Amino acid sequence: MTTGALVRLATGDDAEGVAAVRRVVYPYKAMSAAATRHMITVQSPGERFLPLVAERDGELIGWGSAGLNVWTSEPGQSELSIYVHPEHRKRGIGSALAERLHQHLTEVGALRVRTFVQPDGLEFARNLGYDGTRQMHYAGVELGSLPVQPETPDGIELVTFDTVDPRAAYTADTISSLDEPSDSPLDAVEYDQWLEEIWNSPAMDKSLSVAAMAGDEIASFTVVETDTDRMWSGMTGTVPAHRGRGLAKLVKSVALRRAAAAGITAAYTSNDDVNAPMLAINNWLGYRRVQTEHGLLRSL
Ligand SMILES: CC(C)(COP(=O)(O)OP(=O)(O)OC[C@H]1O[C@@H](n2cnc3c(N)ncnc32)[C@H](O)[C@@H]1OP(=O)(O)O)[C@@H](O)C(=O)NCCC(=O)NCCS
């Protein structure tokens, strides 16, 4: 560890500083300070989440976190995230964070860790024993010129999330998430935990998130998270019986328009390289790729 830098447990009061470093490292991942505070402070005990920050001379310059993935039935799956402000790299801070986090994951029984890295972090991660070929594409669109909004099919009613029953949103989210490409299936999402971490997160803007209702059921939905004048798509999903009807295109078209009307100027999203339908929808909406991250795995 280099002199002058300190690694310590993160608290909710670090949210502003963490969000600021995140904005520099990941300008395409919109996440507000309020959402960051929620992420630091609200985690289910089963995750054994360890949030760390690195400081130098009182300035927050790095983040590291790790915890068990309790939303999959596969045992021992875990996730790790590390980022250091570009001006403070190559001084051992990332390595110090990685060492603490790997030690923690071993102690809490993790068997496999997943992480995502930008291309310039690939060597660092490979040196730590990470490997893999998954690719996650990040893309953004300016909201000034969207394609014409598709027609709403008969039997479908468009509503915003502030009028939606959270149980209906949970059902649509968990059913559609089963088909999102990943290394471990999202097949063990409990309602109470989902309510606390997703539905009650200040990240979710319920007045801009949109659902296509088929009666009492959500057929398709898209979640909008905002950070000042930028937005992030938390999740878009269509339940299997309603796929291929243009509903994901429709709800996202409506949500992006609502966001533009609310003063949001740019929208960002991430898609796995093998998620052909979602990539097609986002290309149609005008999203252009801004970064590709590598999804890597390591055994413990
Ligand atoms: C991705 C998903 C939301 C799409 O929902 P949908 O309502 O069926 O989507 P739409 O009908 O609006 O549009 C699908 C588009 O993808 C295209 N598409 C479908 N399968 C495709 C494939 N294999 N390759 C290329 N394009 C494909 C369709 O042709 C259509 O485009 P078009 O209207 O120009 O023809 C849905 O499949 C889903 O819920 N998947 C699981 C959850 C997920 O991965 N969400 C995204 C997380 S980033």
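Tutor: What follows describes the shell around the ligand. This is a predicted model, in which local features need pLDDT of at least 70 and side-chain atom pairs count only at pLDDT 80 or more, while totals for chains, interfaces and linings use all residues. Residues are numbered from 1 along each chain as its sequence is written, and side-chain values use heavy atoms, with hydrogens and water left out.

Around the ligand there are 22 residues, and T236, T238, G244, G246 and K249 come nearest; a residue is near if one of its heavy atoms lies within 4 Å of the molecule. By class, the shell has eight nonpolar, nine polar and five charged residues. Here Ala, Val, Leu, Ile, Met, Phe, Trp, Tyr, Cys and Pro count as nonpolar, Asp, Glu, Lys and Arg as charged, and the others, Gly among them, as polar.

A polar backbone atom of G244 is 2.8 Å from a ligand oxygen, and a polar backbone atom of R245 is 3.4 Å from a ligand oxygen. N275 uses its side chain: a polar atom there lies 2.8 Å from an oxygen of the ligand. The ligand taken alone exposes 960 Å², and the protein buries 69% of that (accessible areas come from the Shrake-Rupley method with a 1.4 Å probe).

Two or more residues of the shell come from each of β10 (230-238), α7 (247-261), β11 (266-272) and α8 (276-285). Helices (H or I, at least four residues) and strands (E, at least two) are DSSP runs, numbered from the N terminus. The most comes from α8, with five residues.

Conventions. A polar contact is a pair of N or O atoms within 3.5 Å; within protein, one must be able to donate a hydrogen and the other to accept it, and residues adjacent in sequence count only if both atoms are side-chain atoms.
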